[in-house]
Each structure stands twice: as C-alpha cells, then as structure tokens.
Amino acid sequence: MITSALPASRVKSDKAAALDESITAWALAARGGDADAVEQFVGALHRDVQRYVTHLCGDPQAADDLAQDTFLRALGSLHRFEGRSSARAWLLSIARRAVIDSYRYAAARPRQSDVSDWCTAIELAQPCDLPGFDDGIALLDLLASLPDDRREAFILTQLLGLPYAEAAEISDCPVGTVRSRVARARAALMDLLDEAERPAALAA
C-alpha cells in the first residue's frame with residue numbers, strides 16, 4: 001500500500017553538516033595528493049552521484065559510466081576546487097554536466113536501439129522481498145512522470161537531502177525557483193498518490 005506521506009523538507013542535521021565538512025576536507029586533502037583522502041571522498045559520495053545521475057538520465061545502464069565519468073572529471077579538476085561550496089554540491093554540479101554532455105553526444109550520433117524502460121530495469125535488478133520495495137518502485141514511477149526540472153529539484157532536496165541553496169547552485173537557478181519546483185513536484189506527487197489509492201479505496 002502506497003502511503004501519502006512524502007519526504008518533508010528539512011534542515012540538515014548537525015550530523016549531516018559534519019559529514020559534509022568531512023567530505024569537503026577530504027576533497028581538499030585529495031587535491032594535495034593524499035591517496036587515502038581520495039578514497040574517502042569517492043566512497044562517501046559514490047551512492048549520491050549514482051542515484052542522481054540515474055534519476056537525471058533515466059537509464060540505469062548508463063548510470064555506472066556517468067558516475068565514473070563524474071569522478072574522473074572531479075579528480076582531474078580537484079586542483080581548482082577551493083572549498084567555497086561543499087564538495088558534495090561541487091561534485092553533483094559536475095555530475096549534472098556529465099549527464100548533459102552525454103545527451104549532447106547521443107544527439108550527435110544515431111542510437112543503435114532503444115534502451116529498455118528504466119523503471120522496469122530497476123525493478124528487475126532489485127530484490128523484491130525487502131520492506132518498502134513496492135513503495136520504492138511506485139515512487140520511481142511517480143517521479144518519472146514529473147517534468148525534468150521539478151524531478152531534479154525534488155530529488156536533490158527531498159531524496160538526497162541537500163539544502164535549497166546547494167540545489168540551486170547545482171541546477172544553476174535561483175533558490176526561489178528550486179522552492180517553487182519542489183512545491184509543484186510535491187503537489188503533483190500527492191495528486192498522483194490520491195489517484196493511485198482511489199480505486200483501492202472504492203474496492204474496499
């Protein structure tokens with residue numbers, strides 16, 4: 001059963017803020033050639049990058065390559081990272097550019113065949129007996145129906161937990177625009193959830 005409770009907008013906890021500080025410190029140390037810091041930096045953000053590029057590109061088969069491309073770009077650009085923003089926001093900006101570049105590259109070359117439906121691919125790749133699995137797949141389906149800009153804003157702030165200011169920096173738009181997109185995404189998701197639950201309620 002899909003619940004109508006959506007992730008609420010929240011201020012980052014002290015623990016999350018401390019983790020962001022650590023990640024930024026690792027990035028700065030990695031810039032100085034610290035191999036352990038490189039490993040910690042990549043390990044701390046790999047899952048966030050993977051989730052973000054998967055949602056942006058809609059193709060789980062391409063997500064691994066895009067995540068790898070993101071980290072290669074980031075490690076090659078570390079000498080320019082000065083810690084003025086969090087390393088997480090900086091890295092997700094690079095991930096966004098990697099996805100955009102992949103679209104441009106794909107548009108310039110004819111595709112050999114259509115990729116399989118990404119929601120189906122994710123569903124088949126996941127263990128089906130986990131608690132909340134069905135709800136997670138349902139949320140992916142609902143998110144896929146949102147316009148790209150609203151989906152990105154919702155994922156950055158509600159799923160990845162970034163503050164609106166960092167989401168705005170990544171999306172290259174004003175903070176107010178991000179807030180508006182999240183509000184509209186949340187309203188649309190609530191409407192879709194109501195529609196999904198209406199037949200079940202009538203049947204009961």
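In the predicted model, 38% of the 204 residues of the chain count as buried. The chain holds nine helices and zero strands, and its elements run α-α-α-α-α-α-α-α-α from the N terminus on. Of the contacts between residues at least 6 apart in sequence, 68% join residues at least 24 apart.

The largest nonpolar core has 46 residues, of which F41, V49, Y52, L92, L156 and V178 touch the most other members. Two or more residues of this core come from each of α1 (14-31), α2 (35-57), α3 (60-77), α4 (87-108), α6 (133-144), α7, α8 and α9 (175-203). In soluble globular proteins, nonpolar side chains tend to be buried together.

Helix α7, which spans residues 148-159, is largely enclosed by the rest of the structure, because nine of its 12 residues are buried. The buried residues of α7 are R151, E152, A153, F154, I155, L156, T157, Q158 and L159. The residue L156 is among those that touch the most other members of the largest nonpolar core. Apart from neighbours within four places in sequence, L156 is in contact with Y52, L92, G161, L162, A167, I170 and S171. Two of these partners, Y52 and L92, are also listed with L156 among the core residues that touch the most other members. Another partner of L156, G161, follows α7 and has a positive phi, near 75°.

Two packed helices are described by the angle between their axes and the distance between the axes. For α7 and α8 (residues 164-171), the angle is about 145° and the axes are 10 Å apart. The crossing of these two helices is right-handed. On the α7 side, the residues that meet α8 are E152, L156, T157 and Q158; on the α8 side, Y164, A167, I170 and S171 meet α7. By class, this contact of α7 with α8 comprises four nonpolar, three polar and one charged residues. The α7 residues at this contact, E152, L156, T157 and Q158, are also buried.

The loop between α8 and α9 contains D172. This residue has a positive phi of about 60°, although it is not a glycine. Most residues other than glycine have a negative phi, and most peptide bonds are trans. With a relative accessible area of 69%, D172 is exposed, because the cut-off for exposed is over 50%.

Leaving aside neighbours within four places in sequence, F81 is in contact with T24, A27, L28, R31, S86, A87 and W90.

Notes
Residues numbered from 1 in each chain as written. Predicted model: local features only at pLDDT ≥ 70, side-chain atom pairs only at ≥ 80, totals over all residues. Heavy atoms only, no water. Axes fitted to C-alpha atoms, helices over the stretch in contact; angles between N-to-C directions. Helix = DSSP H or I, 4+ residues; strand = E, 2+ residues; numbered from the N terminus. Left-handed = near helix turned anticlockwise from the far one by under 90°. Contact = heavy atoms within 4.5 Å. Nonpolar A, V, L, I, M, F, W, Y, C, P; charged D, E, K, R; others polar. Core = buried A, V, L, I, M, F, W, Y, C linked by side-chain atoms within 4.5 Å. Buried < 20%, exposed > 50% of the residue type's maximum accessible area, 1.4 Å probe, protein only.
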